[in-house]
Amino acid sequence: MDDSTDQAPAEPSRHRGAEQQTIDRMWNFADPAVSEERFREAADDDAHTAHERAVMATQLARAVGIQGRADEATAILDELEQGERPADEPPEEAAELRARIALERGRLLATSDRVPDALPFLTKAVREAAVAGSTFLVLDALHMLALNDAGHEEEWATEGFDVLDGVRDPRLKRWGVALHNNLGWTLHDAGNAVGALHHFQLAVEAADRYGTAEQQHVARWSVGRALRTLGRTDEALELQRELAMARPDDTYVQAELAALTEAEPTIEA
């Protein structure tokens, strides 16, 4: 076992915050092929430090994996893990890279229907991210655990909420949207629509304060879906009509409107 996981957590660094902002700008989740090209170029750019190139390579693996090329993504992570690191690499940078590699391995396995294999990597990502002082990566890994660790979703989400209580950075606070929304769906699927609605409403609050326009839209749609389950059809219909005015071509909104008005659904609602 690597002794590095027993180290005390590092202090969060401004460098890592700026690094994540760069990564955010380079990501286009609607077009992962574009992201792949950007991260591949950055990973090969000698103008970046060895650490920065390695970080970009982890994102390259993610972009490749999203496109269904899991073996290629795994090979990129294998090469990173087996490659030589600079002798003078700061411990927190080494821990951050371990966290990112473990996180992307976990993500790949989870999306390949190998969730039991993914969980040890995701828990390792939490530990290494804490050693690195990267709250962003801690929250990313916790959100993945809350999404995939069946029977323990609420425990992981609660741990994420505890972390969020101690931060002020709006980019970190944005994780509240995913944590509340995902927990809401766990509760909804388990038959607890009241609890689900509570978390969907908290997701709306977080999205309005810290999230993107897409997150605001999805969070409101989820509230409407829970209202329908609870039989509060008038409220659900009003909300979905508001969403339809903003995005008339959204098939999920149209499906909810169809279900609420007893029309023929266009997709599975």
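# Getting to know a helical protein

User: What radius of gyration does the protein have, next to that of a compact globule with 269 residues?
Analyst: A compact globule with 269 residues would have a radius of gyration near 18 Å. The radius is taken over C-alpha atoms, and the globule rule is 2.2 Å times the number of residues to the power 0.38. The protein agrees with that, coming in at 20 Å.

User: What kind of model is this, and which pLDDT do side-chain atom pairs need to count?
Analyst: Residues are numbered from 1 along each chain as its sequence is written, and side-chain values use heavy atoms, with hydrogens and water left out. This is a predicted model, where totals for chains, interfaces and linings use all residues, local features need pLDDT of at least 70, and side-chain atom pairs count only at pLDDT 80 or more.

User: How many helices and strands are there in the protein?
Analyst: Helices (H or I, at least four residues) and strands (E, at least two) are DSSP runs, numbered from the N terminus. Reading along the sequence gives α-α-α-α-α-α-α-α-α-α-α-α-α-α. So the tally, by the DSSP definition, is 14 helices and zero strands.

User: What box do the C-alpha atoms fill, and how much of the protein is buried?
Analyst: Along the principal axes, the C-alpha atoms fill a box of roughly 65 × 35 × 35 Å. Buried means under 20% relative accessible area, exposed means over 50%, and partly exposed is in between (1.4 Å probe, protein chains only). Of the 269 residues, the buried share is 47%.

User: What share of the contacts with a separation of 6 or more comes from residues 24 or more positions apart?
Analyst: A contact here means heavy atoms within 4.5 Å. Take the contacts in the protein with a separation of 6 or more: residues 24 or more positions apart account for 56%.

User: Are H3 and H4 roughly parallel or roughly antiparallel?
Analyst: Axes are lines fitted to C-alpha atoms, for helices over the stretch in contact, and angles run from 0 to 180 degrees between N-to-C directions. Under 35 degrees counts as roughly parallel, over 145 as roughly antiparallel, 65 to 115 as roughly perpendicular and the rest as oblique. Helix H3 (residues 50-66) and helix H4 (residues 70-82) pack at about 165°, with axes 8 Å apart. That makes the pair roughly antiparallel.

User: Which classes of residue make up the contact of H3 with H4?
Analyst: From H3, Ala54, Ala57, Thr58, Leu60, Ala61, Val64 and Gly65 meet Glu72, Ala73, Ile76, Leu77 and Leu80 in H4. Ala, Val, Leu, Ile, Met, Phe, Trp, Tyr, Cys and Pro count as nonpolar, Asp, Glu, Lys and Arg as charged, and the others, Gly among them, as polar. The contact divides into nine nonpolar, two polar and one charged.

User: Is Ala73 buried or exposed?
Analyst: Ala73 sits in helix H4. Not counting residues up to four places away in sequence, Ala73 touches Ala61, Val64, Gly65 and Leu108. With 0% relative accessibility, Ala73 counts as buried.

User: How far apart in space are Ala73 and Leu260?
Analyst: Leu260 is one of the H14 residues in contact with H12. Ala73 and Leu260 are 187 residues apart in sequence, and their C-alpha to C-alpha distance is 42 Å.

User: Are H12 and H14 roughly parallel or roughly antiparallel?
Analyst: The axes of helix H12 (residues 213-229) and helix H14 (residues 251-260) come within 11 Å and cross at roughly 20°. That angle makes H12 and H14 roughly parallel.

User: How do H6 and H7 lie to each other, roughly parallel or roughly antiparallel?
Analyst: H6 and helix H7 (residues 135-148) pack with axes 8 Å apart, at an angle of about 155°. The two are therefore roughly antiparallel.

User: Is Arg100 buried or exposed?
Analyst: Arg100 lies in helix H5 (residues 91-111). Leaving aside neighbours within four places in sequence, its contacts include Glu19, Gln20 and Leu137. At 4% relative accessibility, Arg100 counts as buried.

User: And Asp113, is that one buried or exposed?
Analyst: Asp113 is in the loop between H5 and helix H6 (115-132). Its phi is near 60°, a positive value in a residue other than glycine. With a relative accessible area of 72%, Asp113 is exposed.
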